[in-house]
Each structure stands twice: as C-alpha cells, then as structure tokens.
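Hi everyone, thanks for coming.

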Amino acid sequence: REKHENQGYITQQNASLTKAIVAAMRERRAGTFMRWVKGHNSHPGNEKADELSGLGALKQVHGMIDLSVSTKLKLTGCKLTWLTQKLAYSAIRQRKQLTLTPRRRTAANLSRSHLSPTMYPS
C-alpha cells in the first residue's frame, strides 16, 4: 500500500519482507497484477498456497530468504509530510529495540516455557 510506503513501513509487521517484495516487483520489467481470492473456497491457487505453507511450517530447518534491496529502491524512512509524533516515536522505539539484549532471567523463564526470548523482547 502507498500509505505504508509513505510512512516508511514503520508501523507494519514484517516490514523487511514487504520492502524486499515491493523492490523485487519494481525491478521487474513486466507488470504485476494481484487479485484477492477468497480463502477456503476451493480455488486451485489458494489450495496450492495452503499446501505449500503447510509444508513450510513442518520443516525442521527453515531456509533463509534474501531480503536485500538494491540501493536505488531502498527506502530509508518516512516522508516528512506523513510524519507524526506517534510515527516518530514508533520509529525511535523500533531502532532502540534492535540494540536491546534480552534480560537474562526473562530469557531463562521463556526458555523453560518453550518460548523463544526473541519472540517477546523485554
């Protein structure tokens, strides 16, 4: 969505994945057309996507996805005309979160409960 791009993908989950997909589509010479398909409606493409996602979820070792974006398509932040105080604080919090290390005791408690400490940063 244009709104997410204008906001620098600050509030969007999986922003690095979205940025990589948008950049890959823009680098293509051919146009890209997307159409919403109702799920669980016996659509062949949706059924295949469900099958593939199920297989991927069962993998013991997940493959790495290349999320690199060429420098000419790399977005570095929000457009100034879209910047609000709330958006700025969200961006600051995201940056700060990258430098935090998990609390030792919290990480130990999460590992005992079979949850990854990176899933729930302190």
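Let me start with a term: buried means under 20% relative accessible area, exposed means over 50%, and partly exposed is in between, using a 1.4 Å probe and protein chains only. Also, this is a predicted model, so local features need pLDDT of at least 70 and side-chain atom pairs count only at pLDDT 80 or more, while totals for chains, interfaces and linings use all residues. Residues are numbered from 1 along each chain as its sequence is written, and side-chain values use heavy atoms, with hydrogens and water left out.

Okay, so is glutamate 5 buried or exposed? Glutamate 5 counts as buried, because its relative accessibility is 19%.

And what does glutamate 5 pair with? Arginine 26 forms a salt bridge with it, and the closest N and O atoms are 2.8 Å apart. By salt bridge I mean a side-chain nitrogen of Lys or Arg within 4 Å of a carboxyl oxygen of Asp or Glu. Glutamate 5 sits in helix 1 (residues 2-6) and arginine 26 in helix 2 (residues 15-27), so this pair ties together parts that are 21 residues apart in sequence. When I say helix or strand, those are DSSP runs, H or I of at least four residues for helices and E of at least two for strands, numbered from the N terminus.

By that rule, there are two salt bridges. The other pair is glutamate 51 with lysine 48, with 3.8 Å between the closest N and O atoms. Both of these lie in helix 3 (residues 44-58), three residues apart, which is about one turn of the helix. Glutamate 51 is partly exposed at 45% relative accessibility, and lysine 48 is partly exposed too, at 43%.

Now for a couple of loops. Glutamine 7 is in the loop between helix 1 and helix 2, and it's buried, with a relative accessible area of 12%. What does glutamine 7 touch? Not counting residues up to four places away in sequence, it touches Cys78, Trp82 and Leu87, where contact means heavy atoms within 4.5 Å.

Leucine 67 is in the loop between helix 3 and helix 4 (85-99), and leucine 67 is partly exposed at 35%. Leaving aside neighbours within four places in sequence, leucine 67 contacts Ser16, Leu17 and Ala20.
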